[in-house]
Amino acid sequence: MFHWLEKNPFLFSVGVFIVIAFAGLIEILPNFAEAARPIKGLKPYTVLQLAGKEVYKKDNCIACHSQLIRPFKAETDRYGQYSLSGEYAYDRPFLWGSKRTGPDLHRVGNYRTPDWHANHMWNPKSVVPDSIMPAYKHQFKNIADTETAYAEAVTVKKVFNTPYGPEIAPGKAAYEKYYKSILLPEAMKIAKAMKNKDVEAMVKQGKVPEIVALIAYLEKLK
Amino acid sequence: MQSNAALEYDYDIVKLYMWTTVIFGIVGMTIGVLIASQLAFPELNYLFGEYGTFSRLRPLHTNVVIYGFTVSGILLSFYYSAPRVLKVSLGESPLLKKLAYLQFGLYLIAATGMVISELMGITASKEYAQMEWPLDILIVVIWVLWGVIMFGLIGMRREKALYISLWYYIACFLGVAMLYLFNNMEVPTIFFSGGIGAWYHSVSMYAGTNDALVQWWWGHNAVAFVFTVPIIAIIYYFLPKESGQAVYSYKLSLLSFWGLMFVYLWAGGHHLLWSTVPDWMQTMGSVFSVVLILPSWGSAINMLLTMKGEWNQLTENPLIKFMVLASTFYMLSTLEGPIQAVKSVNAIAHFTDWIPGHVHDGVLGWVAFMIFAAAMHSATRVFKREIYSKSLLEAQFWIQTTGVVLYFTSMWIAGITQGMMWRAVDEYGNLMYSFIDTVSVLHPYYTIRAVGGLLYLVGMFMFAFNLYKTATAGRKLEKEPQFRSPMA
């Protein structure tokens, strides 16, 4: 029946390709434009928050935490309003995760405070005695890569028209200006709310540790 | 035209991938046992500072076992079996052989880059596609080289009709190429930011729900085209060869091949049930997942029936044991997956340990078992020696089988327990358990899983030793065995 095809590797390969490519076209394309639309009032991440998202990626929080609240009563009771597509419009990449060894974090900004996060990341058992999450003390020492986060903001503004103001512009000079006038004050606010003297002192010296950026990001998740 | 018997096959490349299979297998599975133990005993998170936490090591585990161990196993089987079914030796074309060496060299570089970047936390953060754009480009080059070699060999073939295994290798090549390219579309920030920031950093071309769709279209089909399609290629060659039995049904192999090709891609949506992707896509994902049982079981049953009338080999030959149990685990896994893809079951199963449980009965029971069997069968021909120890192979089989059973049974219980506890409410409709209650209850199952993983790792070491001894100290063979691999 198909013997002729098995003697013709070229046609065989074309056939296989069409058969496998088919589903992707039909499933992914039709909804593409609509799914990309943000909900009303959604603001893009600030550079500090983007730097925090990078820490979230770097320490790979998605290995254990999801950011997707499913439309079940048990989930909305536990985590809040179920997730909407438009809320993720500025998430590149998406960080839904696929495993909940720990709880969902999509609205963690609603019910945790910066000082809770600070204590938790320094020593999870100090706030949740039975926690199996490792401590992330290095985040208090490592400096956040805000320059790369800024580069990301510039890129998404240019390539995807993400609505940033004129303060996001290419080049080192623009970055340094942004860092002093916008990023550091924002970091200072978080550092104060963390109630951690060492972190506050670091930010005062003009250095932003990873933990500050991460908490800025977690605070944005609401 | 050369006669079949006179053809001396060139095994240089096969040997290289044999050793990377062993090395990546040991590394990847050791990390696996470590992270499994970390969930049971969290103090183990602090062995290597920030580089030793569960979260940092978990993608390293998945990537090393997928792209290291499994891909090496696939390439070893390809370079061994493809020339034989095409009746052409790689050595006949010095150009293709050089390209194969180049492919291997680049593969080592990419693997090293992958390990280092993931330890450092440089990641695009998409599951099973964590590598950043410079490594992505390298992988595309490696993959294209494989395609050139594959179609080069096909162009030189003496056997006109392509054997079933080759259908699957071709599908693996095309499927991964398409999926990998689209899922890894990303914009390097360095080119747009006026040269600031880390040079290797990129942002995904897709955002939010779209990104999730593309990612799980990939994530699911990486399972299809890395863990299923090429492994079926392996079993279609090695089971008939080792048993001396003809494939049971050509029609069944046709039906299951084209069925699998058509259906598999649709099923990706089952990773996104109850998420923000449109309902109709979720339903498609569910429905096609259930349909997927047909072509999956088609291949598995075809393989089991190939043993018809020769079941005594199961007691006599440990390699047949590995392959028959592998087909059986493939059946288990491809029944379990569709069950989890039913929306109401998924509501409980998703986000729980049942999912890693499902993955591991597939990869440990099916993928790795096939790779072990293929490597051992090839070793007797490649090194022209007897397998060093039959009893070691038998022991490996039973130890690893026990390991797999402990692994998936404990994760079934853990997953369903957790899923039920998350949704449990008291008589007033309030949630009964705080989240941490649903974590603490898992401790015994996490411990059992770690023990299961450890047993499997012990088996991996036995395999490594046996293969090494076969290559260096196995009894020399006068002539190539036709079917059953001789063993001491």
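## Basis of the model

Helices (DSSP runs of H or I, at least four residues) and strands (runs of E, at least two) are numbered from the N terminus. The model is predicted, so local features need pLDDT of at least 70 and side-chain atom pairs count only at pLDDT 80 or more, while totals for chains, interfaces and linings use all residues. Residues are numbered from 1 along each chain as its sequence is written, and chains are lettered from A and ligands numbered from 1 in the order in which they are written.

The model scores ipTM 0.94 and pTM 0.95.

Chain A contains 11 helices and zero strands, and along its sequence it reads α-α-α-α-α-α-α-α-α-α-α. The radius of gyration of chain A (taken over C-alpha atoms, with a globule rule of 2.2 Å times the number of residues to the power 0.38) is 22 Å, whereas a compact globule of 222 residues would have a value near 17 Å. Along the principal axes, the C-alpha atoms of chain A fill a box of roughly 75 × 50 × 35 Å.

Chain B has 16 helices and two strands. Its radius of gyration of 23 Å is close to the 23 Å that the globule rule gives for 488 residues, so chain B is as compact as a globular protein of that length. The C-alpha atoms of chain B, taken along the principal axes, fill a box of roughly 80 × 60 × 45 Å.

## The interface

Across the interface, 74 residues of chain A are in contact (C-beta atoms, placed from the backbone, within 7 Å) with 74 residues of chain B. On the side of chain A that touches chain B, the elements that give two or more residues are α1 (3–6), α2 (9–28), α3 (32–35), α4 (47–58), α5 (73–79), α8 (146–160) and α9 (172–194) of chain A. Of these, α2(A) supplies the largest share, 12 residues.

Sorted by class (Ala, Val, Leu, Ile, Met, Phe, Trp, Tyr, Cys and Pro nonpolar, Asp, Glu, Lys and Arg charged, the others, Gly among them, polar), this side of chain A has 40 nonpolar, 15 polar and 19 charged residues.

## Helix packing in chain B

Helices α8 (residues 279–291) and α11 (residues 318–341) of chain B pack with their axes (lines fitted to C-alpha atoms over the stretch in contact, with angles from 0 to 180 degrees between N-to-C directions) 8 Å apart and at an angle of about 155°. The two helices α8(B) and α11(B) are therefore roughly antiparallel (over 145 degrees, against under 35 for roughly parallel, 65 to 115 for roughly perpendicular and oblique for the rest) to each other. The crossing in which α8(B) passes α11(B) is left-handed, that is, the near helix is turned anticlockwise from the far one by less than a right angle, clockwise being right-handed. Gly285(B), Ser286(B), Ser289(B) and Val290(B) of α8(B) make the contact with Gly337(B), Pro338(B) and Ala341(B) of α11(B), a set of three nonpolar, four polar and no charged residues.

Helix α3 (residues 94–120) and helix α4 (residues 133–155) of chain B also pack at an angle of about 155°, with their axes 9 Å apart, which makes α3(B) roughly antiparallel to α4(B). Here, too, α3(B) passes α4(B) in a left-handed crossing. Residues in this contact include Leu99(B), Leu106(B), Tyr107(B) and Met114(B) of α3(B) and Leu138(B), Ile142(B), Trp146(B) and Ile149(B) of α4(B); by class, the contact has 19 nonpolar, four polar and no charged residues.

For helix α5 (residues 164–183) and helix α6 (residues 208–243) of chain B, the axes come within 8 Å and cross at roughly 165°, which makes α5(B) roughly antiparallel to α6(B). The crossing of α5(B) and α6(B) is left-handed, and the residues of their contact divide into 21 nonpolar, five polar and no charged.

## Backbone details in chain A

Most residues other than glycine have a negative phi, and most peptide bonds are trans. In chain A, a cis peptide bond with omega of about -5° joins Arg92(A) and Pro93(A), and Pro93(A) lies in the loop between α5 and α6 (108–111) of chain A. Asn161(A), although not a glycine, has a positive phi of about 55°; the place of Asn161(A) is in the loop between α8 and α9 of chain A.

Key
Contact = placed C-beta atoms within 7 Å.
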